[in-house]
Amino acid sequence: MVEEKNCPVCGASSFKTVRNAPYFRGEKEYFTIQECQECKLWITNPRPEDDDLGKYYESEDYVSHTDKKESLIDKVYHLVRNIAVKGKIRLINDVVAQKGKLLDYGAGTGFFLKAAQDNGWQVTGVEPSAEARRNAKENHNLDLVDPDSYDWSSENKLDCISLWHVLEHLPNLSNHIKNFHTALRAGGKLIIAVPNHESYDAQKYGNAWAALDVPLHLYHFKKKNLEDIAERFGFRVKEIRNMPFDSFYVSMLSEKIARGKINYFRAVWTGLISNLKAASQKNASSLIYVLEKVK
Ligand SMILES: [Zn+2]
């Protein structure tokens, strides 16, 4: 196991345990989430060694690496993904003045990247899973690259970098943010979608909230954390948007974790309340942050 001694955002070394959450994609195992007492970032701590993390992704349940359609919950995932991808394309066109160079970091099977390419963007994608890269090639003729092969040395080349539910998975958080900052042009946009543990569904399910997703999620963010990251690494938070579908999907998974089976009515009801509460406060189950490179 790896134990973080210092917070990757503020460097402080004082932590308090806030959650003890189960791994739910395979044989049950519990992981501790600690809160930095300085900046309040939540960290899965301790966590498995980088080389051991792979096995937690190998579960049949990890749908974002495949395009299979099987259980109802997978079908919902794929249906929602079709609608959500249109929203993501609208968002990048909204926040970036002119279609240019887009990097999708953690591109999965390339579903979003293909839609962006069809929409007129010049696209590149990084994806660590070889299986996902193969699927992207087969299904969308996209050549995604392994994270180790991506060239971070050329500066100011990109108009937009997107991370759709990826930042929370990345070891070496601060190195990644520095790389994104280098690669973006001034005024370029870093779009980060991550779960929000201040949402209603997160509060309701506590340790069973599926979007804690330990140990795959190494960090657990709230709005303040992204504001701190922006300030420390040369960005400003330009906009925050709710992701309305995630609360339903996450509530379904959370029902299964909490009670062993899914009560669809309760999951949909929780998702609905979560979205109603989020509408005015920008506090949905997942949030999209648009960060702009300022210097
Ligand atoms: Zn901190």
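In which order do the six strands of the open sheet stand? The legends below take that up, after two notes on the model. This is a predicted model, in which local features need pLDDT of at least 70, side-chain atom pairs count only at pLDDT 80 or more, and totals for chains, interfaces and linings use all residues. Residues are numbered from 1 along each chain as its sequence is written.

**View 1. The open sheet of six strands.** The order is E5-E4-E6-E7-E10-E9, and the pairing is mixed. Strand E5 (122-126) and strand E9 (235-242) are the edges; each has a single partner strand, so one side of each is left without a neighbour in the sheet. On average, neighbouring strands here are turned by 20° against each other, direction ignored. Strands (E, at least two residues) and helices (H or I, at least four) are DSSP runs numbered from the N terminus, and two strands pair if DSSP finds at least two bridges between them. Axes are lines fitted to C-alpha atoms, for helices over the stretch in contact, with angles from 0 to 180 degrees between N-to-C directions.

**View 2. E9, E10 and a helix lying across them.** E9 and strand E10 (residues 286-293) run antiparallel and are joined by seven bridges. Look for Phe-235, whose bridge partner in E10 is Lys-293. Helix H7 (residues 223-233) lies across strand E7 (184-195), E9 and E10, and runs at about 155° to E9.

**View 3. The largest nonpolar core.** Such a core is a set of buried Ala, Val, Leu, Ile, Met, Phe, Trp, Tyr and Cys residues joined through C-beta atoms within 7 Å; buried means that 20 or more other C-beta atoms lie within 10 Å of a residue's own, with C-beta atoms placed from the backbone. Of its 72 residues, Ile-161, Leu-163, Leu-190, Ile-191 and Ile-192 touch the most other members. E7 gives the largest share, six residues. Beyond its neighbours within four places in sequence, Leu-163 is in contact (C-beta atoms within 7 Å) with Tyr-105, Gly-106, Ile-191, Ile-192 and Ala-193.

**View 4. The open sheet of four strands.** Here the order is E1-E2-E3-E8, with antiparallel pairing. Strand E1 (15-23) and strand E8 (219-220) are the edge strands, each pairing on one side only. Eight bridges join E1 to strand E2 (residues 29-36), and the two form a hairpin with five residues between them. Thr-17 stands opposite Gln-34 in E2, while Arg-19 has Ile-33 as its bridge partner there.

How values were computed
Two residues are in contact if their C-beta atoms, placed from the backbone, lie within 7 Å. A residue is buried if 20 or more other C-beta atoms lie within 10 Å of its own, exposed if 12 or fewer, and partly exposed in between; C-beta atoms are placed from the backbone.
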